[in-house]
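Subject: A structure for you to look at

Hi,

Here is the structure I promised to pass on. Please open it next to this message, and then read on for what turned up.

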Amino acid sequence: MVSNDGVPRLAAQADGAVGRRAVLRAGAWVGAAATAAGAVAAQSVVEAEATSAAFDPGDWGSVRREFALRPDYAHFAAFMLASPPRSVREAIAFFRDRLDSSPADFHMGVADLEYSGRAQAALARYTGAMPGEIALTDSATMGIGLVYGGLRLKPGDEVLTTPHEFYSTHESLRLRASAHGVRVRQVPLYADPATASAEEMTDRLRRAVTGRTRVVALTWVHSSTGVKVPIRAVSDAIARINARRGERERILLCVDGVHGFAAEDVDIPDLGADFFMASTHKWLFGPRGTGFVWGRPSAWPRVDTVIPSFSVPAFTGWLTGRPPVGDPGTLNTPGGYHSFENRWALPEAVAFQEAIGRSRVAERIRSQVARLKEGLAGLPAVRVVTPRSAEVSAGIVCCEVEGVDGEQVVGRLHDEHRIAAGTTPYRESYVRFGPSVVTDDDEVDRLVRAMATFR
Ligand SMILES: Cc1ncc(COP(=O)(O)O)c(C=O)c1O
């Protein structure tokens with residue numbers, strides 16, 4: 001049903017309408033969404049082009065100037081809760097202002113169908129996946145909760161994970177285990193992160209799999225140590241085990257990819273995992289409150305939808321009394337109203353990264369990380385915890401200073417050297433740095449000199 005002003009009346013559709021009439025109403029709803037979104041989007045593109053004229057993605061100085069980050073500080077913690085570049089800030093402001101001044105233009109949020117579709121398409125382009133394989137979330141944690149909460153598991157089934165995971169994975173699995181009798185078992189992948197190797201990690205994991213293991217829950221890049229798990233090698237090892245199993249016993253590999261995504265130059269499906277959860281408000285420098293789950297088409301049917309989507313197939317199913325038929329990414333995108341201005345600005349963050357180039361970004365991070373590790377390795381009071389090799393590390397560098405508490409190190413870097421860093425929020429805590437597109441070699445050298453003052 002569409003009112004005189006063209007705004008679809010979703011609430012009125014609950015009046016018992018079923019069958020063809022209801023489907024037609026859902027069709028009208030989609031049509032209204034397309035019209036509303038088209039009108040606003042045309043303006044958006046015009047404004048974005050006008051404001052980004054001075055940006056040269058080939059020049060790292062120009063890239064840095066796109067950020068509102070204080071220029072007098074070196075930002076080695078920017079990857080944690082990213083500050084978005086100008087084009088993203090402008091897109092957020094554009095949508096926020098229009099939502100604030102005339103929310104009816106967005107047809108009670110129905111315009112989200114169009115804009116979320118654009119966000120899915122942008123992420124698909126960037127990750128090398130298909131749009132319908134991607135569910136949009138508000139964070140990595142939301143995606144982790146949706147996957148581990150929704151996996152079809154029976155009492156006695158086992159989830160194999162590690163002690164190296166972040167809170168979000170451990171807690172999602174604990175909640176799942178206590179509710180459904182699912183067994184969660186941990187295997188350490190390394191004793192000392194500094195000497196972790198791809199072979200050791202793959203081997204330890206492979207040997208810990210039992211006949212009851214149905215899910216392997218890992219993190220690509222550990223935020224506790226900076227260790228990068230060889231996901232491709234692990235997925236190959238699991239594939240060999242799966243080749244000897246029936247469909248129901250197949251192991252799913254689920255990965256919290258948050259600190260590898262947009263830091264490593266990889267197409268996500270090529271990692272070989274079944275599910276990949278990440279946020280886009282970290283290394284992608286996207287809007288706060290954005291993220292996604294990518295699922296392999298063969299794996300999505302093994303997850304039950306936890307939060308109903310506000311999608312056309314889901315609403316159509318509700319109106320017709322039939323199960324929704326649609327792509328899994330859309331059906332598993334949690335519904336309800338979101339901070340739409342942020343989600344709708346996500347394609348700008350992808351476009352910003354694409355303009356620079358995914359491989360150039362990864363190389364920029366890798367070269368600074370190598371420089372930083374080399375500098376820190378020469379300091380007698382500093383012990384670098386992250387392995388040296390790029391095969392088993394990415395953009396995170398963790399270390400400790402002999403006799404000085406991590407928080408004190410971070411405080412002094414901030415107050416005395418104008419360097420922003422952080423500590424890891426784990427039982428065993430380290431000082432943590434993340435060189436990125438907003439830092440450069442000079443700042444890396446400044447950081448090493450600052451670290452040299454701790455004796
Ligand atoms: C490994 C890891 N996973 C997940 C998260 C949480 O990400 P989000 O804030 O997007 O939920 C963090 C840190 O914030 C993390 O370090």
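In helix α3, residues S87, V88 and A91 meet E348, A349, A351 and F352 of helix α12; two residues are in contact if their C-beta atoms, placed from the backbone, lie within 7 Å. Helices (H or I, at least four residues) and strands (E, at least two) are DSSP runs, numbered from the N terminus. By class, this contact of α3 with α12 has five nonpolar residues, one polar and one charged. Here Ala, Val, Leu, Ile, Met, Phe, Trp, Tyr, Cys and Pro count as nonpolar, Asp, Glu, Lys and Arg as charged, and the others, Gly among them, as polar.

Before going on, please keep in mind that this is a predicted model: local features need pLDDT of at least 70, side-chain atom pairs count only at pLDDT 80 or more, and totals for chains, interfaces and linings use all residues. Residues are numbered from 1 along each chain as its sequence is written.

Back to the helices. Two packed helices are described by the angle between their axes and the distance between the axes. For α3 (residues 86-101) and α12 (residues 346-356), the angle is about 165° and the axes are 8 Å apart. Axes are lines fitted to C-alpha atoms, for helices over the stretch in contact, and angles run from 0 to 180 degrees between N-to-C directions. The two helices α3 and α12 are therefore roughly antiparallel to each other (angles under 35 degrees count as roughly parallel, over 145 as roughly antiparallel, 65 to 115 as roughly perpendicular and the rest as oblique). Their crossing is right-handed; a crossing is left-handed if the near helix is turned anticlockwise from the far one by less than a right angle, and right-handed if clockwise.

Next come α5 (residues 140-150) and α6 (residues 167-180), whose axes come within 9 Å and cross at roughly 30°. That is why α5 and α6 are roughly parallel to each other. On the α5 side, A140, T141, I144, G145, Y148 and G149 take part, and they meet S168, T169, S172, L173 and R176 in α6. These contact residues divide into four nonpolar, six polar and one charged.

Which residues surround the ligand? They are S139, A140, T141, F166, S168, T219, S223, D256, V258, H259, S279 and G291, where a residue is near a molecule or strand if its C-beta atom, placed from the backbone, lies within 6 Å of it. This shell has three nonpolar, eight polar and one charged residues.

Now for the sheets. Seven strands make an open sheet in the order β2-β8-β7-β6-β5-β3-β4, and the pairing is mixed (two strands pair if DSSP finds at least two bridges between them). At the edges stand β2 (134-137) and β4 (183-186), each with a single partner strand, so one side of each has no neighbour in the sheet. From one strand to the next, the twist averages 20°. Within this sheet, β6 (residues 252-256) and β7 (residues 275-279) pair in the parallel sense over three bridges, and D256 stands opposite M277 in β7. Helix α4 (residues 112-127) packs on the sheet, touching β2 and β8 (291-295), and its direction makes about 120° with that of β2.

There is also an open sheet of four strands, in the order β9-β10-β13-β12, with antiparallel pairing. Its edges are β9 (382-384) and β12 (422-423), each with a single partner strand, so one side of each is left without a neighbour in the sheet. Strands β10 (residues 397-401) and β13 (residues 431-433) are joined over three bridges in the antiparallel sense, and V397 has F433 in β13 as its bridge partner.

Happy exploring!
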